[in-house]
Amino acid sequence: MESEARTLPSAGRLSGAARLSRGPLFGRAHGRFGPGSGGPLPPCSQENADPQKTAFLLRKQWALYSVTPLYKFSSGKLREYARLLGAFIAAERHKGLAVQVGVDLDIQVTFSSLPDLKGSEQDHAAMLVQLSSRSSVSPKNSEEKLMWSGWFCCVSGDDLSENVPEDFTCLPLFLANGAESYVAIVGSWFQKTFDCRFRRLAISPLNLTWMAAMWTGCKVEKNASATELVFSVPCLPQPLDISYAIHPEDAKALWDTVQKTPGEITQEEVDLFMDCLYSHFHRHFKIHLSATKLVKVSTAIASAHCDGIIKFLQSKYLIGVLMLLTELAISQIQ
Amino acid sequence: MQRRQSSKNSKQPLQVRHSNQTDLSAWRKGGRTDPEKSLQNRQSRNSQVNESKQDSLEQAVSYFEKVQDRVSLKKNEVLQKHLATVESIALQKGLPPEAFDVLLNVALSGKLADAVNTRLLKSLIPASVIPETSVVSSVSWLCVSKCSGSIQLLFVRWLITVFDFIDHKEQLHALYGFFFSFLQDEKMCPYVCHLLYLLTRKESVKPFRIRRLLDLQAKMGMQPHLQALLSLYKLFCPELVSITLPGKMKTYFKNSEGPWKAAINTIRRRNQENSPVSQPLFLGTAQHQSRKRKWNTQLVIPASSANTNSLAGDKEKNHVDLYSTSESFPVEQLQTFSQLLQNIHHLEFPSQMGSVLTNPLLLHYMNCIKDESIYLRLYYWMGQTLQEECSWCVVDSNQYEEEFKDFLETIYKTECFLQEGFSSCEEFLYKSLPLWDGFCCRSQILRLVTWIPLSSFSEMKSHLYDPLAQLFFTSSLYFKCSVLESLKELLQNWLNWHVIQLDSESDSQGYSLNTTLSGLVNVVAELIHFVGWISTVALRLESNATFLLYFILDFYETVCDIYLRYNLPLLIMPPAGVFYPALLSMDSVSLNQLCYIMYRYRTNLVAAKENELIKKKILQFQFSSQTYQEYNQYIIAMVGCLWTSSAFQKDIHPQGVRLDDEVLKKTRVQEFKTSFNIVYHPAMMGYALLFLQQAWPDDNTFNFSLIKGRKWNWYLQYLYAQGLKGLKLFIESSINRVSRASQSKEGNVQV
């Protein structure tokens, strides 16, 4: 295979770093990535997004959730929602103690809109929920400490938003950073208030290979961090992870030989790309990676774990990654 | 005497309302001279004892009415006597409505000693209802604080216990603020909370009251009674207050039933009538979590609770009030069907649609409201829950299989109630059937299959038939029968749906969506062909098991009647692989069933032919001549077997039993011709034997050939009397007996 000769993996090391991950068994019923179907490359530019406004989203681990459309949500009432959620959190924390809505509480809730995070005109503006604690010593003027944040977004989610009536707001992707107990409280409140349902969004190995290929193909500056793929070996008494790191330029060179039409990716191309990496690995270590499970992909663009955790690294590609995740979330809902 | 007057006024309607209660109507208060009231006494069983008791109660009440000053109990025998009378009658029969005014007055006015007051209050057991006015007037005594704290407390406890016996509560609601002020009394507080809990309506919840309760909470800490009241406030006004109840709490109020409850129950039982039953208090806020699981992966059908999302602002905007007074009716209060009817114009759906699954009243409501968003909310919730919980699709969820079963069961029941399948459930089945082991939650899954809506065949084949067939062929006999049963119900549900569509066709669109009549016919036909195919294979696999055959023929009992019963121009004959095993079955039940089915096919085909002749309109859906031909082939074989003993010669079906004489001779079976007629047929021989025994009790030779001529007719009558109704219908309709007198066994077939 021609492309195989040109790859030069910079490192291939075995590590016993244990991380057991459960695989989601629900395959996507109607794969948009079915053989032959062309998936558009994420738009690499972000004309309308101000990098500074979204900078705080980078370099954090976000747990992914899918959310069904919110019923009777109104973006004009964010302040009201913040008051209600604040009281709800306080009541949940002090179980059994009633809390008046609107009074100063030790946890401050803010709702804000992130209008930049959009893919199409139909997309609803993303919404950020932040919980911050106030120091109890001097309630006034003291800086608030951010404890938890979560945001809802929809980037090019026309598939979903075109098909629901007016009463519903489509923000199918939810990302949370912070203690899971707060996800539980905030999520419960949203579920009760807007009759929606949250579900963890796992990323299947197939989709991870897509991410690996797509992100490998993106242009990044020099000295970018290595492209790393982590595989987990199934059916062993002790969990075993294999980490496969490739120099980003080598990976890109390989991808460029595989991809035929710029701007379009097919399942065959992704498979071929991975097969090349696998056979290279096999030549060196005599291990068939195709028999293992891909659990994590990290590139200079972003890193994604099959458990449904993502880290954005480049604000330039933020929208593109979100678009893919939105699509995954929608396919989990529908 | 103002108060007295009002109680008299309220008495009249009360007595009329409860005139069926002998105890009550027998009671007269100074009414001996009142001619009107004597009417109401007509039905009382006036035994001497009763009469004297009533008299003494009246005397006692009038004594208490007039008593002026503090009278010592010990010294006053009259007081002792009257008090004892009230107590004993109260315990035996309860007190009539009219007595409460007087007795409450005297007990709370402080005229008598506390010991007397206590005894009086304790004996306030209602026979039927308590007039609201008497309660209101006694509350006014609390204001002037003539009575001691312990009497006040006892009164409030009494009020809580008998709350449901108070005939009206409007004026009592007006006193809400008054009761509220009693919260500051530490001893009274728990009971007052309970009383307020019973009285609270949405309009009672005010910010200043919330603040007051929160102050109390700050002072006294977490108190269950405060929690209960506050969570009720939250239920009504989530925009003002928030509270989460700890899961383990069971009781929120101290027992205030005191001495009354038992007596009330005894009297109610004695009167044997349906007096108002106190409704159990329940707070939907606390979910009982039996065990720890990850957030949101627990299967909890949400409790019905009012939509917290409708904040004051948009209510005014969106609310087009047809009834100026109408506030939306909170779902928590919806308990009875009559409430539903009364409030149907301003009922709101719960904040989480999933809760309708366990609320039949809301399902009724859902049935009348055609709103897309209702179904969409349910669709998303149910779809996600099913996928999240599916026992065989999600790792680690095996242990929750029981829970999942219950959930599927609930969905199925709801579908039956709505007579409609949920699309989320359909999608779930399509996604999960290929992964199903055919064992986990079997009966639930197979029941849900019965509500799969009609859709195009290509979808059904790959999503339903293929995975089902795989499981079907590799599973037990019992599983096969269950699948057939499900598919029969699926077919029936589709056909019923079609009938309803026909009915509403005149209304407007009829087949509105993507279903045309011919599309429907095709899809139904595919289902029937599918069942025919798996039935044929299954009969071979299971060596023509009678049990299996029963389920297969049961399916065809629906199929053979589609044209007449469901008005759908479709008739499909069973495949030979089903027909012949049934015809040659060892069991009379199967044979009888087959006879009935063939009779219904005949009736349907004849009706179709007649309709074709009359109106040429629906020629589009004419049955093909092939259907008639198939029917005729079967009927020839059947009559040949059962009647004319000519099956081996006359059967013309390619898969039939036609055999050359030479081959038959080689079997060395004598009288092979008759071996499948109604006497010799293995399924019938038992009957023939019994018939012989009855007809010729002395003959032990079992000479079956005796059954002929007139005996043949007797034998038929005997068979019919044994319950072989299908056989009767078949013979009477499909066999043309040329001359009954000559007993010519010549059959004739015609369609």
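Q: What makes up chain A in terms of helices and strands?
A: In this predicted model, chain A holds nine helices and 17 strands. Buried residues account for 54% of its 334 residues. Among chain A contacts between residues at least 6 apart in sequence, 72% join residues at least 24 apart.

Q: How do you know that E7(A) and E8(A) count as paired strands?
A: Pairing asks for at least two bridges between the strands. Strand E7 (residues 126-133) and strand E8 (residues 145-153) of chain A have seven, running antiparallel, so they meet the rule. One of the positions to look at is Ser132(A), whose bridge partner in E8(A) is Leu146(A).

Q: What makes E8(A) and E10(A) a pair?
A: The test is again at least two bridges. E8(A) and strand E10 (residues 173-177) of chain A are joined by five bridges in the antiparallel sense, and therefore they pair. Here Trp151(A) stands opposite Leu175(A) in E10(A).

Q: Which strands pair between chain A and chain B, and how do you know?
A: E5(A) pairs with strand E1 (residues 241-242) of chain B, antiparallel and over two bridges. The rule wants at least two, so this pair qualifies. Within it, Val99(A) stands opposite Ser242(B).

Q: How many residues of chain A and chain B are in contact, and what area do the chains bury?
A: On chain A, 49 residues are in contact with 43 residues of chain B. The two chains bury about 4300 Å² between them, with 54% of it on carbon and sulfur atoms. The count of residue pairs in polar contact between them is 13. On the chain A side, strand E3 (61-67), helix H3 (78-93), strand E5 (99-100), helix H5 (180-194), strand E11 (198-200) and helix H9 (318-333) each supply at least two residues. H5(A) gives the most, with nine residues. By residue type, that side of chain A divides into 25 nonpolar, 11 polar and 13 charged.

Q: Why is the contact of Arg377(B) with Asp195(A) called a salt bridge?
A: The cut-off is 4 Å between a side-chain nitrogen of Lys or Arg and a carboxyl oxygen of Asp or Glu. For Arg377(B) and Asp195(A), the closest N and O atoms are 2.8 Å apart, so the pair passes. Between chain A and chain B, the count is two salt bridges.

Q: Why is Leu142(B) called buried?
A: Buried means under 20% relative accessible area. Leu142(B) has 4% relative accessibility, so it counts as buried. This residue lies in helix H8 (residues 132-143) of chain B. Leaving aside residues up to four places away in sequence, Leu142(B) touches Leu108(B), Cys147(B), Gln152(B), Phe155(B), Phe178(B) and Phe182(B).

Q: What makes H28(B) a mostly covered helix?
A: In helix H28 (residues 576-583) of chain B, eight of its eight residues are buried. Among them are Phe579(B), Tyr580(B) and Leu583(B). The buried residues pack against helix H25 (517-541), helix H26 (546-559), helix H29 (588-614) and helix H30 (625-644) of chain B.

Q: How do you know that Glu409(B) and Arg447(B) form a salt bridge?
A: Their N to O distance is 2.2 Å, and the limit is 4 Å, so the pair counts. Glu409(B) lies in helix H20 (residues 401-418) and Arg447(B) in helix H22 (residues 442-449) of chain B, so the bridge ties together parts 38 residues apart in sequence. Arg447(B) counts as partly exposed because its relative accessibility is 32%, between the 20% and 50% limits.

Q: Where do Asp554(B) and Lys488(B) lie, and are they buried or exposed?
A: Asp554(B) is in helix H26 and Lys488(B) in helix H24 (residues 477-505) of chain B, 66 residues apart. Both are buried. Their closest N and O atoms are 2.9 Å apart in a salt bridge.

Q: What makes Arg201(B) and Glu203(B) a salt bridge?
A: Their closest N and O atoms are 3.8 Å apart, which is within 4 Å, so the pair counts. Arg201(B), at 26% relative accessibility, counts as partly exposed. Salt bridges with shared partners join Glu170(B), Arg201(B) and Glu203(B) into one network. Over all chains, the count comes to 16 salt bridges.

Key:
Residues numbered from 1 in each chain as written. Chains lettered and ligands numbered in written order. Predicted model: local features only at pLDDT ≥ 70, side-chain atom pairs only at ≥ 80, totals over all residues. Heavy atoms only, no water. Contact = heavy atoms within 4.5 Å. Buried area = accessible area lost by both parts, 1.4 Å probe. Polar contact = N/O pair within 3.5 Å; in protein donor to acceptor, adjacent residues only side chain to side chain. Helix = DSSP H or I, 4+ residues; strand = E, 2+ residues; numbered from the N terminus. Nonpolar A, V, L, I, M, F, W, Y, C, P; charged D, E, K, R; others polar. Buried < 20%, exposed > 50% of the residue type's maximum accessible area, 1.4 Å probe, protein only.
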